Structures are given as structure tokens and as C-alpha cells.
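I opened a new page in my notebook for this chain.

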Amino acid sequence: GASGSVDLGAGAMQYSGGIASRYDIYWNDLQITIGDGVTVAKTAPLSIGTINVNYDLTNELFNNGVQVEGSLPYTVFGQPTSWQAYIIDTAITGSKVYLNHYDEIGVNFGTRHGMNTQNWDSLRAGFAVIAGSRYTAFMLALSYRF
């Protein structure tokens, strides 16, 4: 991705790549998901008009998380519903950043896609708290996946 502002005299171009793993455990009505990921993000030189910028940043992002999902006794648009609770730990190494470690804890509710199917149609709403050293955020989310 790239962005810039001639008025502010700033710009940046970034590229990244990563790998992720996911392991699902089914226990009665519960689905427990363990996920891990590693991403490398790097900036590249960028020229906008007469402005040349090269931040020369490289960071590695490590995500580890667990999610528990269970059924709810309701349907929405004819689809079964579920609740989810999750926690994700993120650590960032490499170039200096403002926040190099944070955790996200959240819950959400919505339609549930079938186990072991390709039906990804899902409407969900939720709430999360994201906290790290010198940082706390609250997130309300509404998503539709199709």
C-alpha cells in the first residue's frame, strides 16, 4: 500500500507478507480455535512530486490467539446463531514503534456458518477491549462476511 500528502510533506509505501495457522477442536457443541500468525512488514522509498521519503522500517508481527464458539437457541434470517469469546496476543519486533505489545479480548454474536462447510455467509456484532502499555481502546464491531 502507499499513501502521501504533498501539503503535509509526508508519504509512505509499505509491503508485507505473512503466514498463519489455524487448528479447530470440536467438543460437543463448542468449537475451540487456536490461531497463530507471523507477518513481516517493510516500508519502501516513495517519491511524491519533489518529496522523497524513505522511512526504512522493518517489523515482524507475531499473533497468537484462542477463540471459543457455542450455539445460541435463535435463528437470524433462517440461519443458526452463536456466541464467540476470544483473546489475541500481539507482539511487534524490529524497528521502534509506539506500541510493541498488546492484547485484544472480545465477544461477539451472530449467525454461524456450518462446521466443515464452505458457507461463509455470516452477520456478526461484537465488543472488544484492546490494551497495551500506555494504550487502551474499545471497539464496537459489525461485520458481514460473504
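My entries follow, from the whole chain down to single residues.

**Ground rules.** I am working with a predicted model, where local features need pLDDT of at least 70, side-chain atom pairs count only at pLDDT 80 or more, and totals for chains, interfaces and linings use all residues. Residues are numbered from 1 along each chain as its sequence is written, and side-chain values use heavy atoms, with hydrogens and water left out.

**Entry 1: the whole chain.** I looked up the secondary structure and found 0 helices and 10 strands. Helices (H or I, at least four residues) and strands (E, at least two) are DSSP runs, numbered from the N terminus. Along the sequence I read β-β-β-β-β-β-β-β-β-β. Next I checked burial: buried residues make up 23% of the 146 residues. Buried means under 20% relative accessible area, exposed over 50%, and partly exposed in between (1.4 Å probe, protein chains only). I also looked at contacts (heavy atoms within 4.5 Å). Of the contacts with a separation of 6 or more, 46% come from residues 24 or more positions apart.

**Entry 2: the largest pocket.** How much space lies in the largest pocket? I noted about 720 Å³. A pocket here is an open set of points on a 1 Å grid over the protein atoms alone, where a 1.4 Å probe fits, with protein on both sides within 12 Å along at least five of seven lines; lining residues have an atom within 4 Å of a point. The volume is the space filled by probe spheres set on the points, and grid points are joined across faces, edges and corners. The lining has 34 residues, and the closest to the pocket centre are Arg22, Gln67, Gln84, Asn108 and Arg145. Strands that give two or more residues to this lining include S2 (10-27), S3 (30-44) and S10 (135-145). I sorted the lining into 11 nonpolar, 17 polar and 6 charged residues. Ala, Val, Leu, Ile, Met, Phe, Trp, Tyr, Cys and Pro count as nonpolar, Asp, Glu, Lys and Arg as charged, and the others, Gly among them, as polar.

Entry 3: S9 and S10 pair in the antiparallel sense over 11 bridges. Two strands pair if DSSP finds at least two bridges between them. Arg134 counts as exposed because its relative accessibility is 58%.

**Entry 4: another positive phi.** Most residues other than glycine have a negative phi. Asn28 is not a glycine, yet its phi is positive, about 55°. I found Asn28 in the loop between S2 and S3. Why does Asn28 count as exposed? Its relative accessibility is 71%.

Entry 5: Val129 lies in S9 (residues 122-132). Val129 counts as partly exposed, at 29% relative accessibility. Beyond its neighbours within four places in sequence, Val129 is in contact with Asp103, Glu104, Ile105, Ala137 and Phe138.

Then I turned to Ala85 in strand S7. Ala85 is partly exposed because its relative accessibility is 29%. Leaving aside neighbours within four places, Ala85 is in contact with Val66, Gln67, Val68, Gly106 and Val107.
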